[in-house]
Amino acid sequence: NLCIDRITEEEILQLHNHVEKIRTASSIEEAVNGAYAFQNALAFFSGNTLIPLIFHSFRAPVSTMWERFCMLYGIHALYENNFGLWEHIKNRDKEGAVAWINTSIGESIHGSREIYFE
């Protein structure tokens, strides 16, 4: 949300490049690295100095979750999640971006793309 108000067109292009690295990844590891680069850049572009530090501290568990997600649903599903968020950012649609994040997370927790089962 902080990012959308201040992001430049050049930064939007940088985010798109990271998303495209997910789409063209030839392995889960490459896809996860692309997703991390996208999310890390997004955190940095927010202008809040704590968000990138917090995100970096959770890199290992987040990467593990994305790996599992890719094993269950494929790299393209990870790409779709990140591309959808990027589209909202590109359109400077704060409400859409928040809704997209909530839906994506919800699908991974208790929806059609759960990553952990009881």
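**Notes on the predicted model**

1. R92 is partly exposed, because its relative accessible area is 35%; the classes used here are buried for under 20% relative accessible area, exposed for over 50%, and partly exposed in between, with a 1.4 Å probe and protein chains only. R92 lies in the loop between α6 (75–90) and α7, and although R92 is not a glycine, its phi is positive, at about 55 degrees.

2. On the basis of these notes: this is a predicted model, in which local features need pLDDT of at least 70 and side-chain atom pairs count only at pLDDT 80 or more, whereas totals for chains, interfaces and linings use all residues. Residues are numbered from 1 along each chain as its sequence is written, and side-chain values use heavy atoms, with hydrogens and water left out.

3. Which secondary structure elements make up the protein chain? The protein chain has seven helices and zero strands, and its pattern along the sequence reads α-α-α-α-α-α-α; helices (H or I, at least four residues) and strands (E, at least two) are DSSP runs, numbered from the N terminus. The radius of gyration of the protein chain is 14 Å, close to the 13 Å that the globule rule gives for 118 residues, so the chain is as compact as a globular protein of that length. That radius is taken over C-alpha atoms, and the rule is 2.2 Å times the number of residues to the power 0.38.

4. Taken along the principal axes, the C-alpha atoms of the protein chain fill a box of roughly 40 × 25 × 25 Å. Of the 118 residues, 39% count as buried, and the protein chain exposes about 7000 Å², of which carbon and sulfur atoms supply 57%; accessible areas come from the Shrake-Rupley method with a 1.4 Å probe, and for residues only the protein chains shown count as cover.

5. Among contacts in the protein chain between residues at least 6 apart in sequence, 68% join residues at least 24 apart, where contact means heavy atoms within 4.5 Å.

6. One such region can be followed residue by residue. I4 is found in helix α1 (residues 2–6), and it is buried, with a relative accessible area of 5%. Leaving aside neighbours within four places in sequence, I4 is in contact with H88, I89, R92, D93, K94 and A97, a list that includes the loop residue R92 of the opening point.

7. How far apart in space are H88 and I4? Their C-alpha atoms are 8.9 Å apart, although the two residues are 84 residues apart in sequence. H88 is found in helix α6 and is buried, with a relative accessible area of 19%. Beyond neighbours within four places in sequence, H88 is in contact with I4, D93, G96, A97 and W100.

8. H18 has its place in helix α2 (residues 9–23), and with a relative accessible area of 17% H18 is also buried.

9. Y116 lies in the segment after α7 (94–110) and is partly exposed, with a relative accessible area of 45%. Not counting residues up to four places away in sequence, Y116 touches M65 and R68; Y116 and F69 are 47 residues apart in sequence and 9.2 Å apart in space, C-alpha to C-alpha.

10. Are the cysteines C3 and C70 buried or exposed? C3 counts as buried, at 4% relative accessibility, and C70 likewise counts as buried, at 4%. The structure holds zero disulfides, a disulfide being a pair of cysteine sulfur atoms within 2.5 Å.

11. As for charge, the mean positions of the 9 positive and 15 negative charges of the protein chain are 4 Å apart. Lys and Arg count as positive and Asp and Glu as negative, while His and the chain ends are not counted; the place of a charge is NZ of Lys, CZ of Arg, CG of Asp or CD of Glu.
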